[in-house]
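Biologist: I am new to this structure and would like to be walked through it. Could we look at it together?

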Amino acid sequence: MTGTLTEAQQLAYANAQAADGRVNVDLETDEGMTLNMGPQHPATHGTLRVIAKLDGEQVVSADVMCGYMHRGYEKLCEVRSYPQINTLVNRIDWLGSFANEVPFILAAEQLMGVEAPPRAMWIRTLFFELSRIANLSLFIGDLALQLGAQTPAFYAFRDREFVLNQIESVTGGRFHPNFDRIGGLKDDLPKGWIADTKAAMSRLRAYCDEMEDLVYGNEIFQTRTRGIGIIPAGVAQSYGLSGANLRGSGVDWDLRRDANIGLAYDQLDWKVWTHPDGDSFSRSWVRLQEVREATKMVDQLCDGMPAGPIMAKVPRIIKVPEGEAYVVTENPLGQMGYYLVSKGDTGPFRVKIRTASFNNISVVPWVLRGVYVPDIIAILASLYFILGDIDK
Amino acid sequence: MADDAATDTAVDEAPEVATDEEREALLSVFSAELGEAVVAHEIKPGLGLWIRVATEAWPAAAEVAAKAADCGWFDFLSAIDWLPSPYGRYEDSSLDVPFPPPMPDRSAAVPGYTGGDTRLQVLASAARMGTSLRVLLKADVPDDDPVVGTWIRTFAGAAWHERETAEMFGIRFGGNADLRNMYLPTEFEGHPLRKEFPLLARVVKPWPGIVDVEPMPGGGDDEDEATEGGEES
């Protein structure tokens with residue numbers, strides 16, 4: 001192709017390429033250097049763009065640009081019916097999809113005055129925790145990958161598959177189960193599923209132990225994360241950080257324990273993990289403990305499953321009475337909530353989706369000031385975001 | 001921190017609980033601090049507390065939430081457009097409706113809990129860490145000049161939420177100079193979450209999934225069949 005171009009065309013092409021290059025790294029002689037990371041960057045696992053102003057190797061200021069994947073769910077929700085929205089919200093945090101459905105369904109149930117049967121609530125809790133394991137187990141491998149270790153990522157993908165298989169064998173969907181219904185669940189559990197799940201959980205516990213040895217005990221990992229990217233509890237609070245990012249700053253708050261809305265958590269024996277340091281290491285460490293704790297919870301949920309129906313009586317065409325409801329749950333990434341306004345129609349009047357990652361990542365300009373360039377990656381990885389959860 | 005009172009959200013089983021002392025106490029803090037500026041309130045026992053404050057008291061409400069009311073964890077800030085959509089729910093989009101359709105009258109905007117006098121309302125939430133308590137705050141946004149005060153002096157995290165609200169609803173936040181678009185391109189025109197903003201995908205092509213319940217076998221409507229599967233989701 002290049003052979004057919006005239007010299008002037010080749011020059012124009014070269015100039016255009018050079019202009020593209022300048023967008024990427026803009027060298028300013030007086031005020032240091034502007035470094036652009038993304039929108040396509042391996043460390044942002046998605047299309048998040050970070051623009052950092054550097055002085056030598058240190059970040060002077062940083063800005064985050066998002067929206068490259070904005071899908072306008074809040075607008076789409078206004079024209080869809082409640083069962084259809086269930087499919088949409090699966091795509092928000094795509095690593096723990098089922099967990100996105102639960103607060104939305106609970107909000108609709110709250111307005112309708114419908115209560116799901118105990119067995120449905122129990123299985124919801126079970127899948128909520130399976131989503132958490134599927135999501136956070138991948139985080140551990142991903143974090144190690146960002147810090148230069150390849151193998152843990154493969155281990156993570158390998159062992160997450162055991163959880164995905166269990167989700168798939170019930171819901172038919174590995175990533176997007178679309179399994180929750182207003183009033184209950186789509187299906188009951190198949191035969192033999194409980195035993196398989198328990199086997200998968202012991203496998204995942206072995207994975208956690210392995211990772212704790214391989215990654216968390218690694219000297220390089222500790223050097224790269226300890227004391228890096230410290231977020232004090234006060235800052236975390238004013239930015240609305242949640243999940244492990246908040247508990248990694250020493251705040252003992254978990255909605256599963258403190259604001260349980262009908263899920264089976266109050267009948268389980270489990271612990272909320274916190275870490276006082278507030279650095280990258282503590283956030284990651286809390287997530288590892290949460291995976292381990294979740295596997296224990298799944299075991300208990302498998303053992304204590306109540307019998308009974310999985311669906312309450314709901315009308316064929318779902319209309320939610322007029323009113324407003326705000327339901328928040330403790331999702332894998334942090335607190336996720338839906339502010340649901342209904343005008344008595346088959347679809348909502350307005351839905352505000354409060355996603356965890358949006359708040360979690362809004363602290364990035366604050367926390368990146370003064371860090372070194374390689375630490376940008378470590379801090380972004382330890383804050384752990386899913387692009388769909390930021391851009392909605 | 002696992003105080004027993006925090007579990008009162010599981011009130012589904014006990015709808016007869018008519019009072020909610022924690023939320024009443026929270027409301028009285030706001031009433032004491034803001035006085036007349038608390039315009040209206042609503043308590044759903046065990047479920048939520050809504051407070052509508054005067055527009056001028058919007059930043060002060062954040063301050064009260066963070067300090068006196070001990071709800072210092074920033075949750076979210078957004079807005080609601082109470083005008084009914086002129087497009088309906090796009091059920092009729094396959095019919096010959098004029099585009100753009102006539103705008104509903106301003107009086108058609110009926111606000112929800114705690115009422116209101118304007119079409120747009122800002123809505124925000126703050127929570128008390130370690131508990132299930134959170135307060136939902138609302139304020140009217142003037143119709144002619146949609147400006148309210150900013151929350152960023154109290155909650156640093158509000159900055160991004162105000163940027164999002166500004167681009168989606170066209171509400172400006174006095175005191176927040178950085179209201180660049182959060183999601184949309186800089187040259188984007190319009191405010192997508194306002195009801196008069198059309199969902200163009202639905203305007204140019206009718207939504208096949210609008211027929212929610214299949215017709216009975218034998219009584220099928222050919223027109224419905226013809227539109228099925230016309231669009232991937």
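Predicted model: local features only at pLDDT ≥ 70, side-chain atom pairs only at ≥ 80, totals over all residues.

Biologist: In which loop does Tyr384(A) lie?

Modeller: Tyr384(A) lies in the loop between α15 and α16 (387–391) of chain A. Its positive phi occurs in a residue other than glycine.

Biologist: Is Tyr384(A) buried or exposed?

Modeller: Tyr384(A) is buried, because 28 other C-beta atoms lie within 10 Å and the cut-off for a buried residue is 20 or more.

Biologist: Which residue of chain B has a positive phi without being glycine?

Modeller: Asp70(B) is one such residue, with phi near 60 degrees. Asp70(B) is placed in the loop between α2 (58–66) and β3 (73–81) of chain B.

Biologist: Is that one buried or partly exposed?

Modeller: Asp70(B) counts as partly exposed, because it has 15 C-beta neighbours inside 10 Å.

Biologist: Let us step back to chain A as a whole. What does its secondary structure come to?

Modeller: Chain A has 16 helices and nine strands. Its radius of gyration is 23 Å, close to the 21 Å that the globule rule gives for 392 residues, so chain A is as compact as a globular protein of that length. The C-alpha trace spans about 75 × 50 × 45 Å along its principal axes.

Biologist: What share of chain A is buried?

Modeller: Of its 392 residues, 53% count as buried. As for contacts between residues at least 6 apart in sequence, 70% of those in chain A join residues at least 24 apart.

Biologist: Where is the kink in α6(A)?

Modeller: The kink, of about 25 degrees, is centred on Phe162(A). The 21 residues of α6 (residues 151–171) should span 30 Å at 1.5 Å a residue, and the end C-alpha atoms are 30 Å apart, which agrees.

Biologist: What do the buried residues of α6(A) pack against?

Modeller: They pack against α5 and α7 (193–216) of chain A. The buried residues of α6(A) include Phe162(A), Val163(A), Ile167(A) and Val170(A), as well as Asp159(A) and Arg160(A). Just after the helix, Gly172(A) takes a positive phi of about 90 degrees.

Biologist: Which residues have the most contacts inside the largest nonpolar core?

Modeller: Those residues are Ala108(A), Ala65(B), Val122(B) and Val135(B), in a core of 170 residues. Helix α5 (residues 118–146) of chain A supplies the largest share of this core, 16 residues. In soluble globular proteins, nonpolar side chains tend to be buried together.

Biologist: What is Val122(B) in contact with, leaving aside neighbours within four places in sequence?

Modeller: Its contacts include Trp58(B), Leu77(B), Ala79(B), Val148(B) and Ile171(B). Lys138(B) is also one of the contacts of Val122(B).

Biologist: Back to α5: is Glu129(A) buried or exposed?

Modeller: Glu129(A), which is found in helix α5 of chain A, is buried, with 33 other C-beta atoms within 10 Å. Leaving aside neighbours within four places in sequence, Glu129(A) is in contact with Ala294(A), Met297(A) and Val298(A). The C-alpha atoms of Glu129(A) and Ala99(A) are separated by 8.2 Å, and the two residues are 30 apart along the chain.

Biologist: One last topic, confidence. What is the mean pLDDT of each chain?

Modeller: Chain A averages 86, and 94% of its residues score at least 70. Over residues 21–27 of chain A, however, the pLDDT is below 50. The mean for chain B is 78, and 75% of its residues reach 70 or more. In chain B, pLDDT is below 50 over residues 220–233 and stays under 50 over residues 1–15.

Biologist: And what ipTM does the predictor give the complex?

Modeller: The predictor gives the complex an ipTM of 0.84, along with a pTM of 0.83.

Key: Residues numbered from 1 in each chain as written. Chains lettered and ligands numbered in written order. Core = buried A, V, L, I, M, F, W, Y, C linked by C-beta atoms within 7 Å. Buried ≥ 20, exposed ≤ 12 C-beta atoms within 10 Å, placed from the backbone. Helix = DSSP H or I, 4+ residues; strand = E, 2+ residues; numbered from the N terminus. Contact = placed C-beta atoms within 7 Å. Rg over C-alpha atoms; globule rule 2.2 N^0.38 Å. Expected span 1.5 Å × (residues − 1). Bend = angle between axes of the 7 residues up to and from the residue. pLDDT = per-residue confidence, 0-100.
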